[in-house]
Amino acid sequence: MEEPLDFWSFVELANRRLATEYGFRHQLATEVLLTLNRASDLVTYDLEAAVHRPRGRSWSAFRLLFVVWLAGPLEPKSAARLTGMSRAAVSNLMKPLVADGLLDRVPDARDGRSVQLSLTRAGHDEMVSVFREHNEREFGWTAALTEEEQRILVMLLGKLITGRAGADTRSRS
């Protein structure tokens, strides 16, 4: 009986088949992005399931509150750019957060057609509280790496993000 595939054996199988059966040449690129996506999915799921869902929040709601907490007040389009979400996603997330008393949505004094998002006192207090647990969980994930390895990973991911400009890639921002 054949061993069931796990993530790493699947990556190995995919690389082998893509090269030998289909003639694709960039297996390492596939491996890098499969691994990057897997790591991102695992971390996001863990943070959402362990920290945010028990408080009745989604990962997306946390991201919006986090950006407004630290960079606000912001126009929704700026919040969308900083979170990596679409403007429509930010708009949909704003409504329940305003209704829950965590986010204020006030007309922009400079442009009456736009609004500014800021945290309410309750939103600020929630973010300080939730981020304490969130940050400890982040530390748990990154503890497998030395501080130097963490800095190298951030540098490499930054290079991947900024280096995509010449690759005709698409993004929301």
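R57, D100 and E126 are linked in a network of salt bridges. I note at the start that this is a predicted model.

**Entry 1: R57 and D100.** I looked up the R57 partners one by one. R57 forms a salt bridge with D100. The closest N and O atoms of this pair are 3.0 Å apart.

**Entry 2: R57 and E126.** Next I checked the other partner. E126 and R57 meet through their side chains in a salt bridge, at 2.9 Å from N to O. This pair also links distant parts of the chain. E126 sits in helix α6, residues 121-142, while R57 is in the loop between α2 and α3. The two are 69 residues apart.

Entry 3: Is R57 buried or exposed? I found a relative accessible area of 13%, under the 20% cut-off, so R57 counts as buried. D100 is partly exposed, at 45%. E126 is partly exposed as well, with a relative accessible area of 21%.

**Entry 4: E75 and K77.** I then turned to another pair. The side chains of E75 and K77 meet in a salt bridge, 3.8 Å from N to O. E75 counts as buried at 16% relative accessibility. K77 is at 56%, over the 50% cut-off, and therefore counts as exposed.

**Entry 5: the count.** How many salt bridges are there by this rule? I get ten. As a reminder to myself, side chains of opposite charge can pair when their charged atoms come close.

**Entry 6: L47.** Last, I looked at a leucine. L47 is found in helix α2, which runs over residues 27-52. L47 is buried, with a relative accessible area of 3%. What does L47 touch, leaving out residues up to four places away in sequence? I listed H52, W59, H134, R137 and E138. I also checked L47 against L119. The two are 72 residues apart in sequence. In space, L47 and L119 are 22 Å apart, C-alpha to C-alpha.

Notes:
Residues numbered from 1 in each chain as written. Predicted model: local features only at pLDDT ≥ 70, side-chain atom pairs only at ≥ 80, totals over all residues. Heavy atoms only, no water. Helix = DSSP H or I, 4+ residues; strand = E, 2+ residues; numbered from the N terminus. Buried < 20%, exposed > 50% of the residue type's maximum accessible area, 1.4 Å probe, protein only. Contact = heavy atoms within 4.5 Å. Salt bridge = Lys/Arg side-chain N within 4 Å of Asp/Glu carboxyl O.
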